[in-house]
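Please keep the sequence and the model in view while reading.

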Amino acid sequence: MHRIQSLRRVAAWEYGLACAVSIRRMLTLHPQAMPLRPCLLAPRLAHAHRLALAGLALAAAAPLQAQTPDALAAAIASRADALNAKVVAWRRDLHEHPELSNREVRTAGVVADHLRKLGMEVQTGVAHTGVVGILRGGKPGPVVALRADMDALPVTEEVDLPFRSRVKTEYNGQAVGVMHACGHDAHTAILMGVAELLAGMKADIPGTVKFIFQPAEEGVPAGERGGAAMMIAEGVLESPKPDAIFGLHVFPFAVGAIQYRPEGLMASSDQLRIVVRGRQTHGAMPWAGIDPIVASAQVINALQTIVSRQVDLTKSPAIVTIGSIQGGVRNNIVPDSVVLLGTIRTFDQDMRTQIHERVKRAAEEAAGAVGASADVSIIQQTAVTYNDPALTARMVPSLERAAGADRVSLGGFTTTAEDFSYFQERVPGLFIFLGVAPPDANPATVAPNHSPRFFVDERALPVGVRALAGLALDFLHGGPMPAPMGARQ
Ligand SMILES: [Zn+2]
Ligand SMILES: [Zn+2]
């Protein structure tokens, strides 16, 4: 009985709130509209609108923790709707003014100004141009971090938009255009929107939200440091230390849909360099030297048996690619050495370690078998983007409330890499994908990220705002993770 009454109360509350949302939407779309006029014609509608206005008043006053998750999601949705025009405007401004990695000076300024206006504690210049905002809620609770990356790419935009990028610069000695061809403009605008949304709920937030605007996700210019690893080295995950971290990336699948995946989502990326050393001789007298070209052929074949023959591919995929072979200057000289360059991708830290050991062994022994030697160096570039399974399971309902249950699905592996993975090595994290392809896009031919024709359908932006705001608030309301998660080894 008691339960039925409280359920009824919740239903009435949600109904009032839904009406409030619809009136707000109407006022946003048609500011001159008179929302009460239809009520003169229909008493039942008038009652509905009185409820709606009561809902509006309650929405401003109701303490958040008294709300059900659905009511909280509805409150987030109405605020996201009200903010949407601003989010679109920020995204277009950022899109028109893209900046390369470690050069995000204007972007960082826009972000920092915004966070300061919202009354946050703001730190700038983190890992060169990174910005961190701290929003302390009015109630005690855990700490959650939200991350967006801010950098663009040396790509000349080919999308015909009024706000398309006309920026040009020099990159590695070449004249290039600059474009937000990976959608980081959308990520930054979405997180600015989430910052404003949550700042408006500050008094009722049980805990702290840390907003991390990160430079140089795409990689740093030669000789520089930057990105997530440098932000961490400069203390972004300390004082306060987040209990969980969330982030998203736009990809060209159905607009407004969300994909998630527990455990390995995006690959680790390691740079492989092998120098195969022989002894130079006349091409007509190979016996007088040691041929590193033939040795390299053996090394490459041996490397290809690692993924195909030596690791358990039922657990997760892996890739060993040789992308460059450099050796020799003319047809009748056996050179001294050959340099092979490649990349290694994995989705599991144990498999990554195992493959590194096997690459070293295969190269050294295959070269050794023909009398040559191999020096193997592996530079670890990006870790596995590893979604904590317990955190992922806990947060899927939040994603469903943000996008609609039928729009949230389990995604596949992505062999590209993300330096969000560095945060996840230290804090349980969840990284999700947000669809930005227009409904009429052909999945087989739609332009991928990094293409000069990469296109973001802006109808995804409010879904992104709802998703990150919902993840943060639901996490804070649920309290810290029950089991000590700690850093993943
Ligand atoms: Zn990218
Ligand atoms: Zn990206």
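How many helices and strands does the protein have? The protein has 12 helices and 18 strands, where helices (H or I, at least four residues) and strands (E, at least two) are DSSP runs numbered from the N terminus.

## Basis of the description

This is a predicted model, in which local features need pLDDT of at least 70 and side-chain atom pairs count only at pLDDT 80 or more, while totals for chains, interfaces and linings use all residues. Residues are numbered from 1 along each chain as its sequence is written, and chains are lettered from A and ligands numbered from 1 in the order in which they are written.

Of the 489 residues in the protein, 46% are buried; a residue is called buried if 20 or more other C-beta atoms, placed from the backbone, lie within 10 Å of its own, exposed if 12 or fewer do, and partly exposed in between. Two residues are in contact if their C-beta atoms, placed from the backbone, lie within 7 Å, and among contacts with a separation of 6 or more, 81% join residues 24 or more positions apart.

## The sheet of eight strands

An open sheet with mixed pairing is formed by 8 strands in the order β1-β2-β6-β3-β7-β18-β8-β17, two strands being paired if DSSP finds at least two bridges between them. Its edge strands are β1 (121-126) and β17 (408-410), each of which pairs on one side only. Neighbouring strands are turned by 25° against each other on average, direction ignored; for such angles, axes are lines fitted to C-alpha atoms, for helices over the stretch in contact, and the values run from 0 to 180 degrees between N-to-C directions.

Strand β8 (residues 258-260) runs parallel to β17 and is joined to it by 3 bridges, with Ile-258 standing opposite Val-408 of β17.

The pairings can be followed strand by strand. β12 pairs with β14 (residues 337-346) over 8 bridges in the antiparallel sense, and Ile-319 has Arg-345 of β14 as its bridge partner. β10 is joined to β14 by 10 antiparallel bridges, with Arg-277 opposite Ser-337, and β10 also pairs with β15 in the antiparallel sense over 9 bridges, where Val-276 stands opposite Ala-374.

## Nonpolar cores

A nonpolar core is a set of buried Ala, Val, Leu, Ile, Met, Phe, Trp, Tyr and Cys residues joined through C-beta atoms within 7 Å. The largest has 95 residues, and Leu-468 and Ala-472 have the most contacts inside it. Neighbours within four places in sequence aside, the contacts of Leu-468 include Leu-146, Ile-190, Val-194 and Phe-246. A second, separate core of 24 residues includes Ile-274, Ala-302, Val-338 and Val-359.

Is helix α6 mostly covered or uncovered? It is mostly covered, since 15 of the 16 residues of α6 are buried. Thr-107, Val-111, His-114 and Leu-115 of α5 make the contact with Thr-188, Met-192 and Ala-195 of α6.

His-187, which has its place in α6, is buried, with 27 other C-beta atoms within 10 Å. Leaving aside neighbours within four places in sequence, His-187 is in contact with Ala-148, Asp-149 and Leu-248.

## Backbone details in loops

The peptide bond from Ser-239 to Pro-240 is cis, with omega near -5°, and Pro-240 lies in the loop between α7 (227-233) and β7 (244-254). Phi is positive at His-128, near 80°, and at Asn-172, near 50°. His-128 is buried, with 21 other C-beta atoms within 10 Å, whereas Asn-172 is exposed, with 8.
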